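Hi,

Here is the structure I said I would pass on.

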Amino acid sequence: MGGGHRLLLENARQVVLVCARGERFLARDALRSLAVLEGASLVVGTDGFIKAVGPADAIQKQFSEETFEERIDCSGKCILPGLVDAHSHPVWAGERVHEFAMKLAGATYMDIHQAGGGINFTVERTRQASEDELFSSFQQRLQCMMRAGTTLVECKSGYGLDLETELKMLRVIERARRELDIGISATYCGAHSVPKGKTAKEAADDIVNNHIPKLKELGRNGEIHVDNIDVFCEKGVFDLDSTRRILQSGKDTGLQINFHGDELHPMKAAELGAELGAQAISHLEEVSDEGIAAMATARCSAVLLPTTAYMLRLKQPRARKMLEEGVIVALGSDFNPNAYCFSMPMVMHLACVNMRMSMPEALAAATINAAYALGKSHSHGSLEVGKQGDLIIINSSRPHALCS
C-alpha cells in the first residue's frame, strides 16, 4: 500500500458525523440524536475527500502501512463537519455604522430604506468601488468566517441593481471561489431592491430580459458560475407577481430558487416558494401556518437568521412550529452592512436562546440542513466517506461547546 493520503485525525474523544446513512437533510425525529462516534479517527485523501472514519483502533489497523502528509492527535477533542452559512451578503463597499444610532432611536428597516439609507446607501458605494477593492474587503470577511469555523458559505450579489455592478460583484465572488480555500455557493440577487427611478415592474423587466440572459451566457462561457437566484419579496419592494416572474425565469435557466420571503410583512412567499419548487426561503419571520405546511410538503428549506430579528428587533421566526411540522430548518449569518456577524457558532447560540432550538437541532441546521439549502448536501454538511473533507476540531470533548 502506498501513501496516498493527506491527513489523519486520530483518537478524537468524539467525531460528530451528523449523518451516517447518506441523508440529504434531517427533520422531525431524526434531529433528536445526531450520529456520533466515540474514540474515533478520520482519514482525508489527497483529493480532499473523506476516505475513512471509524473507531481509532480499526483505522490504525487499516492504515498501518500508509504515510500521511499530516497527522493530528485529537485526544480529548471533538471533530465536527465544517459549518455551513446558508445566507450572507459579504460583497459590498460603504460602512453603515451610522444607521445603528437610527435603529436605537426607533427607526425601522423600511424607515431607513425610504430615507435613502439601507440597501440604497450601499448600492451607491458599491457602484463606485473597483473590483479589486471589493475583492480585498470580501477576502477579509471570508477569512473571519473561516476562523469561526465556516467552510461553505452562500454569497449574494445585490448591491449593484444594475447589470454592470451585479456582474462586477459576481466576478468578485467567482474569483474568491477559484482562489480561496473556502467553499462558495454564488447567488444572483439583482432583485434585492428596486433601483431609483424604476418601478418594480420595470426592474423585473430588466432582470428577466437583460440580467438573466447575460448570466446564462457568461455561465455557458465558463466566466462565472452562479448557483442560486434570489429576490427580496417584500411590501414596497418586489410583490408576489414580480417575484414569481423573476424566480421562474431564473429557474428556467437552471438556477436554484433561494430567496428572501415573509420577513417584514406576511406576503405568502412561503406558499409561492413551495409552488415553484424553491430549494430554500430565508427569513420567514411573518410566515403563515399554510406557508409552513407547504414548505414541509415541498421539502423546501427554511433558512432562519436569528441575527436579523436580534438587530432589527423583529419577532423571532417560529422555529419550533417549523420543526414540529417537519420543515427542513437551516441557519445563516445574514452577514451584511446592517448586521455584522461572521460567526456561525454565535448564530447557533442565538438560535438556541431566542428561537428555542435544541443544540442538536442547531448543529444540524448549521451543517447538513444548511448544505441542503444550497443544494450541496450530497458533498457537504456531514463527515461521511466520499464527502468533502471540510471539518473543524474543537478543544472540547462535547460538540455542544460550539453553541453554548
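C144 is partly exposed, with a relative accessible area of 25%. Bear in mind that this is a predicted model, so every value below is computed from it. With disulfides taken as cysteine sulfur pairs within 2.5 Å, the count for this model is zero. C144 takes part in none, and the nearest cysteine sulfur to it belongs to C341, 11 Å away.

Then there is C403, which is the one I'd look at next. Is C403 buried or exposed? With a relative accessibility of 3%, C403 is buried. Its closest cysteine sulfur is in C352, at 4.4 Å, and that is too far for a bond.

Now the helices. Two packed helices are described by the angle between their axes and by the distance between those axes. Start with α5 (residues 131-147) and α6 (residues 163-179): they pack at about 50°, and their axes are 10 Å apart. That angle makes α5 oblique to α6. Which residues make the contact? From α5 there are E131, D132, L134, F135, F138 and L142, and from α6 there are K168, R171, V172, I173, R175, A176 and E179. Sorted by class, the residues of this contact are seven nonpolar and six charged, with no polar ones. The crossing of α5 past α6 is right-handed.

Helix α6 also packs against α7 (residues 200-220), at an angle of about 35° and with the axes 11 Å apart. The crossing of α6 and α7 is right-handed too. On the α6 side you'll find L163, E166, L167 and L170, which meet N210, H211, K214, L215 and L218 of α7. The contact of α6 with α7 has five nonpolar, two polar and two charged residues.

M102 is partly exposed, with a relative accessible area of 33%. Leaving aside residues up to four places away in sequence, M102 touches A107 and I112. For a sense of scale, M102 and I393 are 291 residues apart in sequence, and their C-alpha atoms are 40 Å apart in space.

Last, two arginines with backbone angles to check. R299 has a positive phi of about 55°, although it is not a glycine. Where is R299 found? It is in the loop between α10 (289-298) and β12 (301-304), and at 51% relative accessibility R299 counts as exposed. R313 likewise has a positive phi of about 55° without being a glycine. R313 lies in the loop between α11 (306-312) and α12 (319-325). With a relative accessibility of 61%, R313 is exposed as well.

That's what I have for now.

Cheers

Key. Residues numbered from 1 in each chain as written. Predicted model: local features only at pLDDT ≥ 70, side-chain atom pairs only at ≥ 80, totals over all residues. Heavy atoms only, no water. Buried < 20%, exposed > 50% of the residue type's maximum accessible area, 1.4 Å probe, protein only. Axes fitted to C-alpha atoms, helices over the stretch in contact; angles between N-to-C directions. Helix = DSSP H or I, 4+ residues; strand = E, 2+ residues; numbered from the N terminus. Parallel < 35°, antiparallel > 145°, perpendicular 65-115°, else oblique. Left-handed = near helix turned anticlockwise from the far one by under 90°. Contact = heavy atoms within 4.5 Å. Nonpolar A, V, L, I, M, F, W, Y, C, P; charged D, E, K, R; others polar.
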